[in-house]
Amino acid sequence: MESVGGEDCLRLEGVRAGLSVRQWHCASSGTLGRLEYEAEYGGPGGAEVKERYRLERASVSHGAHPANEAHAV
């Protein structure tokens, strides 16, 4: 368990050659607290590609459930 925005969240991680994914699941709010993704691979013309993404929950409204906040596009 790790704290994300003051909430205890379960950290899950998967790693293999050239790829790493980490996710923090916050059970008490039912939200994804943080997501991190890193990858390295060969691109066109022998170029080395490195990707790194990090998403972090900014806030959770009190009295609102995340499932009720989804909107169809």
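**Disulfide and ring contacts**

Student: Are Cys9 and Cys26 buried or exposed?

Tutor: Both Cys9 and Cys26 are buried, a term for under 20% relative accessible area, with exposed meaning over 50% and partly exposed in between (1.4 Å probe, protein chains only). The model is predicted, so local features need pLDDT of at least 70 and side-chain atom pairs pLDDT 80 or more, while totals for chains, interfaces and linings use all residues. Residues are numbered from 1 along each chain as its sequence is written, and side-chain values use heavy atoms, without hydrogens and water.

Student: How do you know that Cys9 and Cys26 form a disulfide?

Tutor: Their sulfur atoms are 2.0 Å apart, and a disulfide requires cysteine sulfur atoms within 2.5 Å, so Cys9 and Cys26 qualify. Cys9 lies in strand E2 (residues 7-16) and Cys26 in strand E3 (residues 19-26), so the bond ties together parts 17 residues apart in sequence.

Student: Why is this disulfide called right-handed?

Tutor: Because the torsion about the S-S bond of Cys9 and Cys26 is about 95 degrees.

Student: Why is the pair of Tyr37 and Tyr53 called tilted?

Tutor: The ring centres of Tyr37 and Tyr53 are 5.4 Å apart, with planes at 35 degrees; rings pair if their centres lie within 6.5 Å, and planes under 30 degrees apart count as stacked, over 60 as edge-to-face and the rest as tilted. The pair is therefore tilted.

Terms used. Helix = DSSP H or I, 4+ residues; strand = E, 2+ residues; numbered from the N terminus. Phe/Tyr/Trp six-rings, centres within 6.5 Å; stacked < 30°, edge-to-face > 60°.
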